[in-house]
Amino acid sequence: MPGLHLASLMAASLWLLAPTAMSAPEGKTQPTTASSPKKTSKATKSRSSKPATSAKKPARTAARSDDAPDVVQYGGREDVVAWGRQAAAAHQLDVDWVLSQLAQARYQPSVARLVMPPPAGTAKNWEAYRNRFVEPQRLREGLRWWNDNEAWLNDAETRWGVPASVVVAIVGVETFYGRHTGNFKVIDALATLAFDFPSGRSDRSAFYRDELSAYLRWCAAEQRDPQQPRGSFAGAMGLPQFMPSSVLKYAVDFDGDGHIDLASHPADVVGSVARYLADFGWERGLATHYPVAVPVDASARAKLLAPDILPSFTAAQMRELGAELDADGQAHNGMLALVELQNGDRAPSYVAGTRNFYAVTRYNWSSYYAMAVIELARSLRQMRPPAPRPGGLPASAP
């Protein structure tokens, strides 16, 4: 999702049960991500700032059944009205308009359920997760989307250094190229999580209040009806499943038409995804990972795994701890992370991740997500015909 996607983090926990593109959260559930995109709002280039919050904090509620009566009337709740007044003052929004929009928002029990973590003991399985994304239909659609938007993808790679294959793969994993962008009313999803975040997991209501504020600012600037846009259960929108704050911070008007449209303008989707990864440290020409054989010694392996996906060791340090890298990995000039991908009851898989691997995890805070993107990108790249050289010869020609 980005702070994207911090909402993506919510979806990352759900893949254990249903590793689908961020749509059903949407659904990068995904949340992100769920219906064929209609034209959605355009986003402004103003930067998001943290809205003021009410000092009065209501008790958190547990997720209710979809059959429960609609007892949550946000327009009549003192804490919601107080928050709306403060948000309007903080961001120069019309207070009556803000309160009117909040009064129309409704609690969504399914949103509260979807944001909950998977049951304890659910086994992770990298191979099963990979196969949900690197499969024939998504590969066909990915090649088509790449061909349709090749000029924009090439321009984005020239500007930000992010390979076309990686941008195409992210859109494929997030929303299956627009098939699954989410069907929740964004204002309902954000209000539910902002004001009635369910008990049973760490409280993220402050994050969602910030996102609700960003969403209202976006709608006001674009003169959009906040009751219309649809997205994931976490409030992520468009083909790349950007959260509202990420739209404000990272989305770009790549086709230069004066608007940012992440639902129906592929150029803006391409530019926004590439810019997002670049802003989170993507380095032009750097590999995402290298093969690695892990140390036999359990304590050395645990030391390498301790920082998780954050690159923290040089190639020499990994060798000193017993990890074996291939020639390219040994020559890597930078920090690496030992990334573990569990395979159910079978032995885990391991890679040595670079800062580019870490950059992909900033889109969705999951090593499984990052590897799915990387593997889909690799497969798409291998299926593309060789680029022509001057004179019409393919790149593979002598």
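Is Phe 176 buried or exposed? Phe 176 counts as buried, at 6% relative accessibility. Buried here means under 20% relative accessible area, exposed means over 50%, and partly exposed lies in between (1.4 Å probe, protein chains only).

## Basis of the model

This is a predicted model, in which local features need pLDDT of at least 70, side-chain atom pairs count only at pLDDT 80 or more, and totals for chains, interfaces and linings use all residues. Residues are numbered from 1 along each chain as its sequence is written, and side-chain values use heavy atoms, with hydrogens and water left out.

Helices (H or I, at least four residues) and strands (E, at least two) are DSSP runs, numbered from the N terminus.

## Two loop residues with positive phi

Phe 176 sits in the loop between α8 (164–175) and β1 (184–185). Its phi is positive, about 55 degrees, although Phe 176 is not a glycine.

Gln 92 also has a positive phi, near 55 degrees, and is a residue other than glycine. It belongs to the loop between α2 (78–90) and α3 (95–104). Gln 92 counts as exposed, at 68% relative accessibility.

## Helix α2

The 13 residues of α2 should span 18 Å at 1.5 Å a residue. The end C-alpha atoms are 18 Å apart, which agrees. The expected span is 1.5 Å times one less than the number of residues in the helix.

The buried residues of α2 are Asp 79, Val 80, Trp 83, Gly 84, Ala 87 and Ala 88. They cover an arc of only 160 degrees around the axis, so they lie on the same side of α2. The arc is that of the directions from the helix axis to the C-beta atoms. Exposed residues Glu 78 and Ala 89 are on the face turned away from the buried side. The cover over the buried residues of α2 includes α3, α9 (186–195) and α10 (205–222). Contact, wherever it is used here, means heavy atoms within 4.5 Å. Just after α2 comes Gln 92, with its positive phi of about 55 degrees.

## The open sheet

An open sheet is built from 4 strands in the order β4-β3-β6-β5, with antiparallel pairing. β4 (324–325) and β5 (337–343) stand at the edges with a single partner strand each, so one side of each has no neighbour in the sheet. Two strands pair if DSSP finds at least two bridges between them.

Strand β3 (residues 289–293) is joined to β4 by 2 bridges. Ala 293 has Glu 324 in β4 as its bridge partner. β3 and β6 pair over 3 bridges, again antiparallel. There, Tyr 290 is partnered by Ala 352 in β6.

β5 and β6 pair in the antiparallel sense over 6 bridges. Ala 337 stands opposite Gly 353 in β6, and Asn 343 has Arg 346 as its bridge partner.

β5 is mostly covered, with 5 of its 7 residues buried. Helix α5 (residues 126–133) lies across β5 and β6 (346–353), at about 90 degrees to β5. Helix α13 (residues 298–305) also lies across β5 and β6, at about 105 degrees to β5. For these angles, axes are lines fitted to C-alpha atoms, for helices over the stretch in contact, and angles run from 0 to 180 degrees between N-to-C directions.

## Nonpolar cores

A nonpolar core is a set of buried Ala, Val, Leu, Ile, Met, Phe, Trp, Tyr and Cys residues joined through side-chain atoms within 4.5 Å. The largest core has 96 residues. Trp 145, Phe 195, Tyr 208, Leu 212 and Leu 277 have the most contacts inside it. Helix α17 (residues 367–383) gives the most to this core, with 10 residues.

## Asn 356

Asn 356 lies in helix α16 (residues 355–361). This residue is buried, with a relative accessible area of 0%. Beyond its neighbours within four places in sequence, Asn 356 is in contact with Gly 281, Trp 282, Glu 283, Leu 286, Ala 287 and Thr 288. Arg 284 is 72 residues from Asn 356 along the chain, and their C-alpha atoms are separated by 8.9 Å.
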